[in-house]
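The sequence and the model come first, and the description follows.

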Amino acid sequence: MTSSNKRVEVQTEDQTPHKWCVSLGEEPFKRFFSQTNPTVHKVFGDGSLFSPLLFGKFFDPSDAFPLWEFESEVLLSHLRSSNQSTVDWCQTAEGYILKAEIPGSGKNNIQVVVDKGKVVEISGPWKQQRDSKAHDWRCGHWWEHGYVRRLEMPEDADWKNIEAYIHNDIYLEIRIPKSKQGRDLPLGKDVA
């Protein structure tokens with residue numbers, strides 16, 4: 001079996017993608033998620049990085065999530081035991097690696113944006129738009145058309161050199177190198 005890797009351009013200009021500025025809120029999402037649509041459950045279900053109910057607790061995906069501050073084994077243990085984990089990450093001496101399954105039909109349109117050198121935003125559409133005017137996801141229920149997860153950058157991240165790849169049109173891998181100063185510190189230590 002051959003694997004295909006495709007590099008994803010990471011936008012690093014200082015910009016704020018405003019399409020996700022409307023907060024989600026737990027109750028509206030739970031009503032939306034209660035639909036019997038299997039695609040909704042695939043995109044936002046257990047184990048998906050893009051589910052607002054990440055790790056069984058509600059996290060608005062438009063907020064920056066401090067993923068790297070959590071112990072991956074602790075947070076993902078219940079997902080792994082049920083074979084539902086579609087996200088994983090680790091820290092090495094050189095940097096941070098995130099691997100996540102890309103939801104639905106948005107895998108070819110995924111965007112990775114670094115927002116002001118502090119947040120990495122992963123987003124894309126999961127539902128085909130019928131009308132070109134419907135692309136303004138700021139209004140209404142943007143999660144019905146797209147997915148997003150905004151992750152806080154580690155303090156020692158070299159955000160200008162982030163790389164992103166899609167493997168086999170299914171998995172996204174983001175590599176965030178550590179700055180020179182961060183590489184000189186023992187694993188798990190923050191830059192002061």
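Does Y96 count as buried or exposed? The model is a predicted one, and in it Y96 has a relative accessibility of 6%. Buried means under 20%, so Y96 counts as buried.

Y96 belongs to strand β5, which covers residues 95–101. Beyond its neighbours within four places in sequence, Y96 is in contact with a set of residues including W68, C90, P154, I174 and K178. D156 is also one of these contacts, and the side chains of Y96 and D156 make a polar contact at 2.7 Å. The C-alpha atom of Y96 is separated by 9.8 Å from that of M153, a residue 57 positions away along the chain.

## The chain as a whole

The chain has 192 residues, and 43% of them count as buried. Its accessible surface comes to about 10600 Å², with 48% of that belonging to carbon and sulfur atoms. Among contacts with a separation of 6 or more, 63% are between residues 24 or more positions apart.

Four helices and ten strands make up the elements of the chain. Read from the N terminus, their order is β-β-α-α-β-α-β-β-β-β-β-β-β-α.

## Strands and their pairing

An open sheet is formed by five strands in the order β2-β6-β7-β8-β3, with mixed pairing. Its edge strands, β2 (10–11) and β3 (64–65), each pair on one side only. Within this sheet, β6 (residues 111–115) and β7 (residues 119–125) are antiparallel and share five bridges. D115 is found opposite V119 of β7.

Strand β5, the strand of Y96, runs antiparallel to β10, and seven bridges join them. Here G95 has P177 of β10 as its bridge partner. Strand β10 (residues 171–177) also pairs with β9 (residues 163–167), again antiparallel, over five bridges. In that pairing E163 faces R175. The hairpin of β9 and β10 has three residues between the strands, and N168 takes a positive phi near 55° there. Five of the seven residues of β10 are buried, so the strand is largely enclosed by the rest of the structure.

## The nonpolar core

In soluble globular proteins, nonpolar side chains tend to be buried together. The largest nonpolar core in this model has 44 residues. F44, L98, I122 and I174 touch the most other members.

I122 gives an example of these surroundings. Setting aside neighbours within four places in sequence, its contacts include L49, F50, L98, Y147, L172 and I174.

## Salt bridges

Side chains of opposite charge can pair when their charged atoms come close. The structure holds five salt bridges. One of them joins R7 and E163, with the closest N and O atoms 3.6 Å apart. R7 lies in strand β1 (residues 5–8) and E163 in β9, so this pair ties together parts 156 residues apart in sequence. E163 counts as partly exposed, at 28% relative accessibility.

R150 forms a salt bridge with D115 at 3.1 Å, N to O. That pair links strand β8 (residues 146–152) to β6, over 35 residues of sequence. R150 forms another with E121, where the closest N and O atoms are 2.8 Å apart. In this case β8 is linked to β7, with the two residues 29 apart.

Together D115, E121 and R150 form a network of salt bridges. R150 is buried at 12% relative accessible area, D115 is buried at 6%, and E121 is buried as well.

Definitions and conventions:
Residues numbered from 1 in each chain as written. Predicted model: local features only at pLDDT ≥ 70, side-chain atom pairs only at ≥ 80, totals over all residues. Heavy atoms only, no water. Buried < 20%, exposed > 50% of the residue type's maximum accessible area, 1.4 Å probe, protein only. Contact = heavy atoms within 4.5 Å. Areas by Shrake-Rupley, 256 points an atom, 1.4 Å probe, with all protein chains shown as cover. Polar contact = N/O pair within 3.5 Å; in protein donor to acceptor, adjacent residues only side chain to side chain. Pairing = 2+ DSSP bridges. Core = buried A, V, L, I, M, F, W, Y, C linked by side-chain atoms within 4.5 Å. Salt bridge = Lys/Arg side-chain N within 4 Å of Asp/Glu carboxyl O.
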